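Please look at the sequence and the model first, then read the notes by topic.

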Amino acid sequence: MELNGEQLIAAPIPEVWKGLNDIDVLAKSIPGCEEISRISPEEIHAKVMFKIGPVRARFSGKLLLSDIVPDQSCSMAFEGSGGAAGFAKGRSRVELKAAEGGTLIAYTTEASIGGKLGQIGGRLISASAKKIADDFFQKFAKELGGEAVALESGAGDE
Amino acid sequence: MKAAAFDYVKPKALSDALSLLEQGGDDARLIAGGQTLLATLNMRLSEPSILIDITDLAELKGISVVGDKLRIGALVTHTEIEDSDLVAKHAPLLKAAAPHIAHRAIRNLGTWGGSLAYGDPAAEWPACSLSLQATMVIHGPTGERKISAKDFFIDLYTTSLEPDEILVATEIPLAKSHQVFYFHELARRHGDYAVAGLAAVAEKEGNVLTQCAFTFFSVSTTPVMATAAQEILNGQPLNEGLIAKAVAAARKEIDAIADITNSAEAKTHLIGVLLERSLKHFIA
């Protein structure tokens with residue numbers, strides 16, 4: 001599955017960068033986030049409860065950051081396990097650019113979802129991922145005191 | 001697989017069901033036909049601690065004509081809709097759509113309200129309720145409220161229903177004599193979820209359509225109305241040129257989302273195919 005998009009956040013780049021690296025801001029922005037902790041500057045562990053339609057799946061996972069260029073970009077690898085529900089893993093790249101009215105966040109993500117969630121939920125997995133990403137940016141923008149404007153987001157299955 | 005352990009209650013009154021739902025919070029789940037929920041529980045994709053069986057609630061049952069509306073209770077099964085004379089007379093779109101829902105065994109148990117409350121973007125009833133300008137009747141701790149279908153479906157699997165509310169029934173304006181209906185879906189096999197589908201309603205005089213309501217489903221995160229195409233069609237004589245214009249507009253205005261086997265481009269193409277078929281059906 002691929003998930004790419006661009007979001008305009010009404011805040012200057014340093015603030016957005018700080019927010020993306022602040023686990024308290026992330027804890028409030030990630031939909032269903034129950035626990036989040038920073039193990040090292042490059043490693044974050046989290047527990048997240050995904051609620052989509054009839055499905056309730058609690059994932060515990062870790063996020064490894066790399067290629068960090070402050071105020072510009074970073075890459076991350078993530079993997080999570082949802083117990084009986086299945087697992088997810090993938091890579092994402094995030095870039096920040098100055099834009100009129102704030103900061104443009106561009107992201108590209110490649111993820112694979114396995115186990116029962118992959119088999120049963122496969123039909124709507126892209127739409128679900130897009131909804132979670134949109135929810136995240138809405139909440140994230142609110143944390144920074146503004147609104148998120150989705151400029152472009154698309155999900156596809158490859 | 002088998003579901004994790006849960007408690008089960010079957011209240012006799014709507015007020016009891018509402019207070020049980022309020023107490024249970026997110027650990028409580030309503031069950032009616034169970035055609036989505038039970039599969040999810042058995043796969044352990046959800047583990048609620050209590051199921052509230054609402055199938056004894058009288059307020060949620062039956063199909064009746066109330067004033068100028070057809071009232072369909074939330075517990076009415078797909079089969080009851082398929083076989084109902086009242087539905088055939090007053091909401092023929094629903095009768096046309098019912099056979100497309102899964103298979104008979106599922107239609108015997110699955111309910112009208114369950115399908116609407118889940119808001120699956122590939123489901124037939126949400127799309128039909130939009131085209132028919134249905135009104136949802138909802139009960140919650142503070143009493144009854146009504147909301148139109150167009151404000152009810154918000155996002156993927158997300159409706160305006162609050163966690164402590166129950167969808168009780170739906171009211172649909174009775175079909176008028178000059179109204180025309182068309183329902184079709186394109187699926188790989190009969191009973192599969194549609195790759196793309198269309199629930200269409202319009203008023204027809206001669207070869208002119210007005211009050212067009214063309215709702216596509218299984219193409220986006222909610223059922224979606226082709227408002228630009230409808231505007232092109234309303235009040236204009238229907239001919240090949242107008243059909244081509246409406247088809248192009250519908251393909252342009254709906255931002256189709258891919259699913260696991262079909263690309264967004266394929267869905268966009270099928271939106272046009274369905275619209276063209278419906279308009280040729282109306283003209284014939």
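**Strand pairing and overall build**

Lys69(B) has Pro173(B) as its bridge partner in strand 10 of chain B. This is a predicted model, in which local features need pLDDT of at least 70 and side-chain atom pairs count only at pLDDT 80 or more, while totals for chains, interfaces and linings use all residues. Residues are numbered from 1 along each chain as its sequence is written, and chains are lettered from A and ligands numbered from 1 in the order in which they are written.

- Strand 5 of chain B pairs with strand 10 (residues 166–173) of chain B in the antiparallel sense, over 5 bridges; two strands pair if DSSP finds at least two bridges between them.
- Helices (H or I, at least four residues) and strands (E, at least two) are DSSP runs, numbered from the N terminus.
- Strand 4 (residues 63–66) of chain B is also antiparallel to strand 5 (residues 69–73) of chain B, with 4 bridges.
- Ile63(B) has Ile72(B) as its bridge partner in strand 5 of chain B.
- The hairpin of strands 4 and 5 of chain B has 2 residues between the strands, and Gly67(B) takes a positive phi near 65° there.

**The open sheet of chain B**

- An open sheet of 4 strands has the order 11-12-13-14 in chain B, with antiparallel pairing.
- Strand 11 (179–186) and strand 14 (224–225) of chain B are the edge strands, each pairing on one side only.
- Strand 11 of chain B is joined by 8 bridges to strand 12 (residues 196–205) of chain B.
- Val180(B) has Ala202(B) as its bridge partner in strand 12 of chain B.

**Chain B as a whole**

- Chain B holds 12 helices and 14 strands.
- The radius of gyration of chain B is 19 Å, which agrees with the value near 19 Å for a compact globule of 284 residues; the radius is taken over C-alpha atoms, and the globule rule is 2.2 Å times the number of residues to the power 0.38.
- The C-alpha atoms of chain B fill a box of roughly 60 × 45 × 30 Å along the principal axes.

**Where chain A meets chain B**

- In chain A, 21 residues are in contact with 18 residues of chain B, contact meaning that C-beta atoms, placed from the backbone, lie within 7 Å.
- Helix 4 of chain A gives the most to the side of chain A that touches chain B, with 4 residues.

Conventions
Two residues are in contact if their C-beta atoms, placed from the backbone, lie within 7 Å.
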